[in-house]
Amino acid sequence: MKNFTTILILFCVGVLAYTQASSQQTGSFDVQIQFMGEDRTLSMYVPEDYNADNSYNLLLGLHGSGDTSSNYRNALIQHYKWNEFITNTIFIFPDGGSDISSDFYSPEGDNEIIIEALNYAMSNYNI
């Protein structure tokens with residue numbers, strides 16, 4: 001009986017781990033990545049009906065100086081409803097960072113966050 005209980009527990013843990021690893025987050029959410037020595041936010045919108053078996057378009061948006069990536073995502077998705085007329089698309093908005101202008105020009109190399117955002121999306125979703 002002890003062996004059966006151990007096997008049952010291991011099976012349940014395995015199923016739980018597989019379920020969590022194989023499901024991608026959908027809707028509007030933020031993730032943090034390490035970039036140039038600091039945490040940077042990637043604000044995302046993934047369609048609620050996302051299916052990893054289907055390929056999706058990717059739209060990467062850069063917000064204006066002084067604003068945040070989540071504000072930009074919320075304006076385009078919640079207010080202007082871009083996701084309703086740009087369908088089958090995952091949206092990703094990288095944050096401009098902690099520099100004074102919160103842009104993608106400084107410090108030097110800050111524009112590489114664009115590549116990091118693309119890599120994140122392509123690593124986690126079917127683009």
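Asn-88 is partly exposed, at 38% relative accessibility, where partly exposed lies between buried (under 20% relative accessible area) and exposed (over 50%), with a 1.4 Å probe and protein chains only. Its phi is near 55 degrees, a positive value in a residue other than glycine, and Asn-88 sits in the loop between α3 and β4. Helices (H or I, at least four residues) and strands (E, at least two) are DSSP runs numbered from the N terminus. The structure is a predicted model, in which local features need pLDDT of at least 70 and side-chain atom pairs count only at pLDDT 80 or more, while totals for chains, interfaces and linings use all residues. Residues are numbered from 1 along each chain as its sequence is written, and side-chain values use heavy atoms, leaving out hydrogens and water.

Lys-81 also has a positive phi, of about 60 degrees, although it is not a glycine. This residue lies in the loop between α2 (69-79) and α3 (82-85) and is partly exposed, with a relative accessible area of 36%. A cis peptide bond, with omega about 0 degrees, joins Ser-106 to Pro-107, and Pro-107 belongs to the loop between β4 and α4. Most residues other than glycine have a negative phi, and most peptide bonds are trans.
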